[in-house]
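Visitor: I would like to learn how to read contacts in a model. Can we go through one together?

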Amino acid sequence: MRLQLTEDQKERVGDLLKAMTLKEKIGQMNQVSPSIVGGFDVPFEELIEMMTDGRISHEKFEEIMKTAKQDFHEDQIRDGKVGSLMVQDAKEVNRLQKIAVEESRLGIPLIFGLDVIHGFRTVYPIAIAEAGSFDPDLMEKTAAMAARESRSAGVAWHFAPMLDIARDARWGRVSEGPGLDPYLASVFARAKVRGLQNDRSSTEHYVAACLKHYIGYGACESGRDYNTVSMAMHLFYNTYLRPFAAAVEEGAATVMASFNDLNGVPCTVNPFTLRTILKDSLGFPGFVVSDANAVRECVIHGIAKDEIDAGIQAVNAGLDMDMGTGIYSGHLAQALADGKISEETIDEAVRRILSVKMWLGLFDHPYVSSECARRYDTLPEDHLALARRAAEESIVLLKNEGSLLPLARDQKISLVGTLAASREEIIGAWAMSWRKEDCVSIREGMEQEFPNLRYFPCGGPEGEICKADVDQAASYGDVLVAVLGETDAMSGEASSRGDITLPGKQRDLLQMLLKTGKPVVLILMNGRPLVLDWEDAHLPAIVEGWHLGVQMGPAIARVLSGAVMPQGKLSADFPAAVGQCPIYYNHPNTGRPGSRSKFTSRYLDIPFKPLYPFGFGLTYTSFAYSKLEISEGEKQLQIRAEVRNTGDRRGTETALLFMQDVTASLVRPVRELKGFRKITLDPGESRTISFRLPKKELGFYDNDGHLRLEDGAFRFFVGGSSEADLSEEAEITF
Ligand code: GLC
């Protein structure tokens, strides 16, 4: 559903534009955050340093920040020089909005934006996990929930969904996006835009989405955040652009340009990506905002000689709003006077911004009602239930030797690991509006589910191991459940890691637990694919728990007890060694595909296949695939297969459809995801699933962005992961 204004709304925007002064127009293009102006014993910069170098803890820093004095730029708002702020509190929003609406000359409302990436009050799984639910209905519902909750705090603009395809697990921001597959990422993108934007029954129900980070940010070299990006254009079109194009088609209202340069041009000042592709070719009607401070950083990139030059390049490239630098508000008027930019360029940007504000209903409903502001003081049960469903569907069972899982409810269990008792660490990166009292730790969830459970800290991602705890844990439990992984600060922005094994001394802890002779179940809490080669070789059961949000505790416990079946799958490959990164299943074949023989694409010292491939995920039963049939219609293919539950428990399976264009005018991936079906089967039950695949989906874009549909042989695969082996080949003509 595209961003559409009524004729009356369009007229109001046009009339406003005519009435605005140049200063007021440029004001709309300026986003600011409250500035810290003191309130501490040391300067703010020093405080940041102290937290960064460990002189004070994160908690201490947060505590000190509560005393911070902030400048909310009231005078600039009154003077019509601010279009948007990052604030998330109904009272504060209403106070500032009142200044804009009732004290500025034209009364243009502010748009308040925030990073609501996986939930506002009710935090649900990080995106890399939720994408693995392969449940678009769920993805849409969680976004709709976040939209309602954030509107109650005056936030009508989410800097989400993050749609960066990421093939390199060293990059910390893999946690924020839907994994590495363009088809799954596109399904996720559409669902999130629908959830955020489509319930227009009330202005308290929807927000503006912001597709980020446009574009190619996830391909940063060496997985190092903010690093340079170079790629062939066929990869740009077929992989990185796909989810953004899908989300624009779904009607996304805004886009955020990414920090990185793409083939030498920073995306903040890139007319090809912003104008040619996004606004012209995709017909994007909304506005583009920079990432934080990114306009200023174009000087550091070396593409602009100074801030004025950066501002001129950015606005001419199609960047409509400047986040956080003040360069637009400080220099665009002079740039116009000097003939470096045109009034039309300014007007186009302002029209886009005003249109989104009009579409959000901010002109008619600028304030948060007191009833709305209180609505989520206590999280509604249906929100918690949705968060629990999202958490349960995102859990991936990676190993279960001898069906050690599920555990009997009356089993004596030693729960181990400091992460197990943490309510904070279950949240994950980029969530900032939750409350600790709404969170249920894994320990709390497990104590509900398993009455004979006792908890022993033992150790975690940082610090030492407590041998005494390990001995007590070993002497008490018949089974040891270890919750290990990363702290939430070890993934997310500016959190690339060169070694993606379990951090700290967690592997030593596992060795100590194994030495006790008791069976060890590993529950992972992490924000990226990890290297788990040792764990996979030594442990009988491994569960990927990710960071699942406020209901992580009950979800993990219910999967471990079998009350809920594990059904999640991996939205990214898990490397067998960090040296494999970047690694992705949808790779070209090369002329010498990796094998055991010497002169092939392999390593001398590590495997070349991932430890766990894209789409992998076990359950407490098993499934078999057969009878794959392909029938070709004029415009689409029908692909059928039979799935049977071959185990002794009811189970949910996501059947995946892959395609290979066997011979083409450009080398194509050995497999590409083209569809999936999630089904639940009783023991012994079989079902025929079918996919209708439009022939257009078999095409690919060349380096000039032209879609190529080429007759020839195509191979189709259906199965439970990207290593599915049930396949059929067909000659297809277009
Ligand atoms: C950050 C992030 C971006 C976020 C923005 C505003 O640096 O890159 O994802 O939306 O700043 O917080």
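Visitor: Which side chain meets Lys569 in a salt bridge?

Guide: A salt bridge is a side-chain nitrogen of Lys or Arg within 4 Å of a carboxyl oxygen of Asp or Glu. Here the side chain of Glu653 meets Lys569, at 3.0 Å from N to O. The count between domain 1 and domain 2 is two salt bridges. This is a predicted model: local features need pLDDT of at least 70, side-chain atom pairs count only at pLDDT 80 or more, and totals for chains, interfaces and linings use all residues. Residues are numbered from 1 along each chain as its sequence is written, and side-chain values use heavy atoms, with hydrogens and water left out.

Visitor: What area is buried between domain 1 and domain 2?

Guide: Buried area is the accessible area (1.4 Å probe) that two parts lose on being put together, summed over both. For this pair it is about 600 Å², and carbon and sulfur atoms give 43% of that. In domain 1, Met565, Gln567 and Lys569 lose the most area to domain 2, together 76% of what that side buries.

Visitor: How many residues surround the ligand?

Guide: A residue counts as near if one of its heavy atoms lies within 4 Å of the molecule. The ligand has 13 such residues, Asp115 and His213 being among the closest. An N or O atom in the side chain of Asp115 is 2.5 Å from a ligand oxygen atom. For His213 the corresponding distance is 2.6 Å. A polar side-chain atom of Glu493 lies 3.1 Å from an oxygen atom of the ligand.

How values were computed
Polar contact = N/O pair within 3.5 Å; in protein donor to acceptor, adjacent residues only side chain to side chain.
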